[in-house]
Each structure stands twice: as C-alpha cells, then as structure tokens.
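Please look through the sequence and the 3D structure shown here, and then read the briefing that follows.

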Amino acid sequence: MSRLSVAIDGPAGAGKSTVARRVAAELGLTYVDTGAMYRAITWKILRDNENPEDEILASRLARDTDLRLTAGKGGVDVWVDGEKVTEAIRTPEVTSQVSRIAGHVGVRKGLTDKQRAMARQGGVVMDGRDIGTQVMPDADVKVFLTASIEERAQRRYQELMQKGFEVDPEQLREEIRNRDEKDRNREHSPLRPAEDAVHLDTTGLSIDEVVQSILTLCQSRVSGGE
C-alpha cells in the first residue's frame, strides 16, 4: 500500500481536494494538490499585475517558480518562492482566473513536469483534472468524481462564506458552468475521465461515504481484485 498511486480527477467543486486529502491520510500516502499549483501561478500573476493572457510569461513562471507543497495543519501548505500562500490562492479573484491560466499549454507542461516528478517517488494521492490521463496514466487506482452543478455551487458557496467572502450564489453557479466549459474544451489536456477510471457521483453523498468508496477501491486493487 505504501507505493500505491491514486489519481482523482473531476470538475470544480466535486470534492476532489477534501476527499484526496482524507484518502491519503487513511492510507499513509503523500497528498499532492495539483489544483493548488495552478492557483499558485495564477496568484503570482495577479499579484504582480501581469496579463493573464500572456502565455509566454505564464509558462515561464510555471517552469521557473519555486513551488512547494508541505504538510500543514489540517491540510497542505502552499509556498511560492519561499512565501506561504495557502490562503491567498483561495480568493474569488484567483478562482475566476485560474482556468484561463491553466489553459495555457506551456503552463500545463511546466506544472505537469513537476507533478510527474512527485509521482515518480510513489505512494501518492494526486487530484486534478488530467491526473489519470496525463500526469499518472499508469496510476494503480483512477477515480473520476462528479456532482451536480447545483451541489458543487452550494459547496463552494459555503466554503467561501466560512472564509468571510461575500458571494452571489447564482453568479457562483454560472462561474462553475463556465469553468466546466473551459476545462472540457481547452485544446491541451482537457477535462475528461481516463478510460479505466471509476466514475463516482458525489451528489447527496457525505465526505465519509465518498472516502470509504475510494478506500474500498484501493483495498481491492492491492488484494488483486477488480
């Protein structure tokens, strides 16, 4: 189990990060939040008032930025060039721009290279949108999480309200619809399930139920089951 590799993909708000973090903790594996890596590059571009459409700049930042993920209280801490940005990358401003940045081919290549290096160490649970198809195509377990747009929007609304952000629920639903569209239709590494991924609809399910379903898949894989 210590060398198991688990890929969890899915659209925004499907619960990937929360579930992946819990699964990693239960199995004693390393959790890699790839979405945080894209958010970190987006945050850096916005902080420096750079143009999000400048693909050359964004690609260079993805390749050259000192980007680190470390274990923190209750999750993963994100560091950009030595600066802790765990909370800063979760603002609505970053959320509204991250799909645009993630759509740049050079950004995806730069961060995919970093993610593959992490995966080669083994014993990881990695979540994102192209983990099972691009980053870890040979993962032992592949899961594609989904949920209705209404439920995903409600989850994100509650998350942002708890952090003190004022958001319009309808605007949030529209942003998620738009992000789904961008992620599915981008030219490079679009959002899609791997052919051998197990589909899991989390609508109406508790976090515990989703985590247990994935743990059961992992245990079946280790024991040689299908």
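Strand β6, which spans residues 124-128, is mostly covered, since five of its five residues are buried, where buried means under 20% relative accessible area, exposed means over 50%, and partly exposed lies in between (1.4 Å probe, protein chains only). Helices (H or I, at least four residues) and strands (E, at least two) are DSSP runs, numbered from the N terminus. This is a predicted model, in which local features need pLDDT of at least 70 and side-chain atom pairs count only at pLDDT 80 or more, while totals for chains, interfaces and linings use all residues. Residues are numbered from 1 along each chain as its sequence is written, and side-chain values use heavy atoms, with hydrogens and water left out.

- Strands β1 and β6 run parallel and are joined by five bridges, and two strands are said to pair if DSSP finds at least two bridges between them.
- Within this pairing, Asp9 has Gly128 in β6 as its bridge partner.
- Strand β2 (residues 30-33) also runs parallel to β6, to which four bridges join it, and here the bridge partner of Val32 is Met126 in β6.

**The sheet of β3, β4 and β5**

- Three strands form an open sheet in the order β3-β4-β5, and their pairing is antiparallel.
- The edge strands of this sheet are β3 (67-72) and β5, each of which pairs on one side only.
- Two bridges join the antiparallel strands β4 and β5, and Val80 stands opposite Glu83 in β5.
- Helix α2 lies across β3, β4 and β5 and runs at about 40° to β4, where axes are lines fitted to C-alpha atoms (for helices over the stretch in contact) and angles run from 0 to 180 degrees between N-to-C directions.

**Helices α3 and α5**

- The axes of helix α3 (residues 55-64) and helix α5 (residues 105-119) come within 7 Å of each other and cross at roughly 5°.
- That angle makes α3 roughly parallel to α5, because angles under 35 degrees count as roughly parallel, over 145 as roughly antiparallel, 65 to 115 as roughly perpendicular and the rest as oblique.
- Glu55, Ala58, Ser59, Ala62 and Arg63 in α3 meet Val105, Gly106, Val107, Gly110, Leu111 and Lys114 in α5, and contact here means heavy atoms within 4.5 Å.
- By class, this contact of α3 with α5 has five nonpolar, three polar and three charged residues; Ala, Val, Leu, Ile, Met, Phe, Trp, Tyr, Cys and Pro count as nonpolar, Asp, Glu, Lys and Arg as charged, and the others, Gly among them, as polar.

- Thr91 has its place in the loop between β5 and α4 (92-102), and it counts as buried at 18% relative accessibility.
- Leaving aside neighbours within four places in sequence, Thr91 is in contact with Arg39 and Phe165.

**Two residues with positive phi**

- Asn49, in the loop between α2 (34-47) and α3, has a positive phi of about 55° although it is not a glycine, and Asn49 is exposed, with a relative accessible area of 70%.
- Asp81, in the loop between β4 (75-80) and β5 (83-84), has a positive phi of about 50° although it is not a glycine, and Asp81 counts as partly exposed at 41% relative accessibility.

**The annotated binding site**

- According to an unreviewed UniProt entry, the annotation "binding site" covers Gly10, Pro11, Ala12, Gly13, Ala14, Gly15, Lys16, Ser17 and Thr18; UniProt positions are given in the numbering used here, feature names are shortened, and annotations may be inferred rather than shown by experiment.
- Gly10 is found in the loop between β1 (5-9) and α1 (16-27), and it is buried, with a relative accessible area of 0%.
- Not counting residues up to four places away in sequence, Gly10 touches Lys16, Gly128, Arg129, Phe144, Leu145 and Leu191.
- Pro11 lies in the loop between β1 and α1 and is buried, with a relative accessible area of 7%.
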